[in-house]
Amino acid sequence: MKTLLMLTAAISAASFAGTPEWSGRPVMDTAKSPQARLHGVPVAAVEMKEGFWSPRRKVNVEVSLPSLLGLFESNGILDNFRRVSGRKEVARRGPLYTDSDVYKWLEAVGFVLQAGENPALRKSAEAVIDDVVAAQEPSGYLNTYFTKEHRAERHTNMGGGHELYCAGHLLQAGISWYRATGDRKLLDAGQRMADYVDRDFGAGKARIFEGHPEFELSLIELYRTTGEKKYLNLAGYFLGGDPRNVAATKPNEWQYLFTVTPFTGRKQLEGHAVRAMYACSGATDYYLETGDAAYWDTLGRLWDDMTRRKVYLTGGVGSRGQGEAFGDPYELPNRQAYTESCAAIGTIFWNWRMVQATGDGKYIDSLERALYNGANSGLSLSGNLYCYRNPLELVGDPNDKIRNPWYDTTCCPPNLQRILASLPGYFYSTSSDGLWVHLFDNNRMKWKLEDGTGLEVAQATKYPWEGAVELTVTPATAHEFTLHLRRPEWAKSARIEVDGKVLAVSAEKAYFAVKRTWKPGDKVTVKFDMTPRLVTANELVRDNAGKAAVERGPLVYCMESLDQPAGTGAFDWRLEVKPAHDTFTSDWKPELLGGIVALKHAATRGARAATGQPLYEEMGAHAAAPRTAGDVTLVPYYTFHNRGITAMEVWIPVAVAR
Ligand code: FUB
Ligand code: ZN
C-alpha cells in the first residue's frame with residue numbers, strides 16, 4: 001500500500017508541475033465559464049487501451065488521416081493555398097468551402113498529437129500549416145476562393161459563401177494545434193482572420209452574417225484561450241442577428257434564416273441540419289459564458305424538439321435530402337434518410353456542451369447514441385471509406401455506393417477524424433465536488449480533482465459487448481469526493497458495487513453519485529443489463545408502423561441480407577415476438593466485422609415475399625397460409641456495408657404472438 005501511495009503521489013506531482021500554459025487543456029476549455037457545472041478532462045490525460053474504440057482510433061491515425069491528406073493533394077485542395085501564396089500556378093479546384101476540410105484535418109491531427117507523439121503526422125501537418133499560413137494576406141484575410149478572380153465577391157455571398165465557416169474551422173485547428181504543440185503559428189493566423197472580421201464588421205460597424213454557423217463556436221473557444229472578450233462579443237453579434245441583415249438579405253438567402261435572425265427566436269429545429277447543430281453548439285457556448293436565460297430557454301426547447309420528434313434511433317438528424325434539412329416532426333423515412341455524418345457529429349458537439357452546463361446524463365445518452373451508431377457508421381472498418389448519408393435502410397443496389405473514399409464536398413471525412421482523435425476528451429469531466437464518468441471503454445485517466453488532488457481512474461470492461469465496467473479509483477491520498485458514474489437510460493437495470501458491496505443508490509439525472517472518502521486502489525463495479533431490446537416507434541412515424549428495431553446496450557442493430565438463411569434477404573423476414581418470454585441469442589464473433597456480438601431471433605417468411613406474387617390482394621387472403629420459420633441474424637448498425645453492398649434494414653416488420 002505504501003508503495004502505491006508513493007507512486008500515485010509521484011504521478012500527480014509529475015503530471016502538473018511545470019506544465020506549460022498551453023497544454024493540459026480539454027477539447028472545450030470551460031474552466032472559467034461561469035455557467036459550466038462540469039469541466040472537461042484533456043485528451044492527453046486519458047490513455048485509451050485496447051477495447052472497442054482502439055481499432056477505430058488506430059485506423060484513423062494509420063489509414064484515414066494519411067489517406068485523406070493524399071486525396072487533398074491529388075484533388076488540388078492543398079494547391080489552392082499554394083496558388084494564393086504564389087507557390088504554384090494552378091487553377092483553383094473544389095467547392096468554395098474546401099479550405100475548411102483541410103482545417104478539420106489539421107484539428108484532428110492536433111488531437112492525435114495531444115494524445116501522444118506521431119512524428120510522421122506532425123511533419124505532414126507542419127507542411128500543411130506552412131502552406132496555409134503563407135496564403136494569408138497581410139490584412140489577416142484568408143480564404144482560397146475569395147481571392148484573385150473572386151476577390152471582388154468577398155462578403156457579398158454571406159448565405160452560401162462559407163467565408164466565416166472556413167474562418168471558424170481555421171481557428172479550431174489553430175487552437176487544437178496550439179494545445180498539442182505550443183506552436184502558435186496556426187492559432188495566430190486564425191486570430192488574425194478573426195481580428196480582420198472584428199475590425200470592420202459587427203455592432204456599430206458594417207453588417208455581416210454567417211450563412212453556415214461555425215465561426216461563433218471557434219470565437220468563443222478563442223475567447224477562452226486568449227481571455228479577450230471582443231471574441232465573445234463578436235460571437236454574440238452573430239448569434240444575436242443584426243436587424244440590418246433582415247432588411248438587406250436577398251430572398252435566396254432566406255434559407256439561412258437562422259443566421260440572419262436572432263438564435264433566441266427559434267421555435268423548432270428546421271433547415272439545414274449541420275448548420276442547426278453547429279448553431280446550437282455555439283449558442284450553448286454563449287450561454288456557458290454569459291448565462292443569458294433566453295439562450296437557455298431556446299436550447300431546451302430545441303433539444304426537446306430534436307429528441308422527441310426529429311432524431312433517428314441511430315442518433316442521426318436531418319431526414320431530408322432537399323436542403324440537407326430537418327423534416328417535419330416525425331418525418332423520419334428510413335431509406336431516404338439523409339442523416340449526414342456531420343449532422344450526427346453536430347449533435348455530439350451540442351450534447352457535450354449541454355452536459356457541461358448541467359451534469360444531466362440525458363445529454364450523454366443522446367451523445368452516446370450518435371457516437372456508437374449514426375456517426376460511427378460514417379467511417380468504414382478499413383478506415384478509407386466514408387458515408388456522407390447514413391440511411392436506416394438500403395436496397396442493396398450495386399450502384400448504391402454509400403461508402404466512398406472521396407466526396408467533392410468532403411466535409412464528413414475530417415469531421416469523423418476529429419471526433420475519433422478527440423474521443424478520450426469525452427470520457428470524463430470534473431466539477432467542484434468530484435469526478436464524472438460519462439463513457440465506458442478501457443482507459444486510464446491521470447488527472448486531478450478541482451481542489452488539485454491528483455487522481456487516476458482506470459476502466460476495465462468489454463463494453464459495449466458486455467455490461468460490466470470495473471473502475472479502479474486512485475486519488476493521490478485518501479480523499480473525500482463524489483464519483484458521478486453514468487447510468488445509461490437504455491439499461492433496464494444497473495447495479496453498482498463499491499469494494500464488493502452493492503450500493504443501494506439510485507441514479508439522479510442518469511448518474512450514480514457515490515460520495516465517500518476514496519482510497520488509492522478502491523474498486524467500483526457497475527453492471528448494466530445488456531439484454532437485447534425490441535424498440536417500437538411513435539405511431540406518428542408512419543415509416544415504422546408495424547415494425548420494431550433492435551438495440552443491445554448503446555448499439556442499434558440491423559439486418560443485412562448476406563447474414564440471412566440461404567436464398568433469402570433482409571426484406572423477406574418478419575420477427576416473431578413472444579411478449580413474456582421473447583429471446584435473442586447473443587454470440588461473440590471475434591472474426592466477424594472486427595469482432596462483434598451478433599444477435600439471432602426467430603422470424604418467419606410468407607409466400608408473398610417473392611417476386612411474381614400479386615402486388616395487392618384483399619386483406620386476409622393469405623391469413624391461413626403457412627409461413628416458413630427461420631432464425632435471422634442482426635449485426636451492429638455501424639458495421640453495415642463493410643462486406644459489400646447488400647440490402648440492410650434497421651426497422652423490421654414484426655408480429656407479436658397473442
Ligand atoms: O456547407 C459545408 C458542409 O457541406 C455542410 O456542413 C454540409 O452539410 C455540406 O453541405
Ligand atoms: Zn458532412
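Is Arg 533 buried or exposed? Arg 533 is buried, with a relative accessible area of 9%. This is a predicted model. The points below cover a zinc site, an open sheet and a set of salt bridges.

**Zinc site**
- Four protein donors hold the zinc ion (ligand 2): Glu 340 (OE), Cys 342 (SG), Cys 411 (SG) and Cys 412 (SG).
- These donors lie 2.0 to 2.3 Å from the zinc ion.
- The site is tetrahedral, with angles of 94 to 119 degrees among the four donor atoms.
- For comparison, the ideal angle for four tetrahedral donors is 109.5 degrees.
- Along the chain, the donors follow the spacing E-x1-C-x68-C-C.
- Cys 411 and Cys 412 are buried.

**Open sheet**
- Five strands make up an open sheet with mixed pairing. Their order is S1-S6-S7-S11-S14.
- Strands S1 (39–40) and S14 (511–518) stand at the edges. Each has a single partner strand, so one side of each has no neighbour in the sheet.
- S1 and strand S6 (residues 428–431) run antiparallel and are joined by two bridges.
- Gly 40 has Ser 429 in S6 as its bridge partner.
- Helix H14 (residues 341–358) packs on the sheet and touches S1, S6 and S14. The direction of H14 makes about 25 degrees with that of S6.

**Salt bridges around Asp 131**
- The model has 45 salt bridges.
- Asp 131 forms a salt bridge with Arg 82, at 2.9 Å from N to O. Asp 131 is in helix H5 (residues 119–134) and Arg 82 is in helix H3 (residues 79–85), so the pair links distant parts of the chain, 49 residues apart.
- Both side chains count as buried: Asp 131 has 9% relative accessibility, and Arg 82 has 14%.
- Arg 87 also forms a salt bridge with Asp 131, the closest N and O atoms being 2.7 Å apart.
- Arg 87 lies in the loop between H3 and helix H4 (98–115), so its pairing with Asp 131 ties together parts that are 44 residues apart in sequence.
- Arg 87 counts as partly exposed, at 42% relative accessibility.
- A network of salt bridges links Glu 73, Asp 79, Arg 82, Arg 87, Lys 88, Asp 130, Asp 131 and Lys 185.

**Salt bridge between two strands**
- Glu 551 forms a salt bridge with Arg 533, with the closest N and O atoms 3.3 Å apart.
- Glu 551 is in strand S17 (residues 547–552) and Arg 533 is in strand S16 (residues 533–535), 18 residues apart.
- Glu 551 counts as buried at 6% relative accessibility, and Arg 533 is buried at 9%.

Note on methods:
Residues are numbered from 1 along each chain as its sequence is written. Chains are lettered from A and ligands numbered from 1 in the order in which they are written. This is a predicted model: local features need pLDDT of at least 70, side-chain atom pairs count only at pLDDT 80 or more; totals for chains, interfaces and linings use all residues. Side-chain values use heavy atoms; hydrogens and water are left out. Donors are N, O and S atoms within 2.8 Å of the metal (3.2 Å for Na, K and Ca); water is not among the atoms, so sites may look incomplete. Four donors count as tetrahedral if all angles lie between 85 and 135 degrees; four count as square planar and six as octahedral if opposite donors are over 155 degrees apart and all others between 65 and 115; anything else is irregular. Buried means under 20% relative accessible area, exposed over 50%, partly exposed in between (1.4 Å probe, protein chains only). Two strands pair if DSSP finds at least two bridges between them. Helices (H or I, at least four residues) and strands (E, at least two) are DSSP runs, numbered from the N terminus. Contact means heavy atoms within 4.5 Å. Axes are lines fitted to C-alpha atoms, for helices over the stretch in contact, and angles run from 0 to 180 degrees between N-to-C directions. A salt bridge is a side-chain nitrogen of Lys or Arg within 4 Å of a carboxyl oxygen of Asp or Glu.
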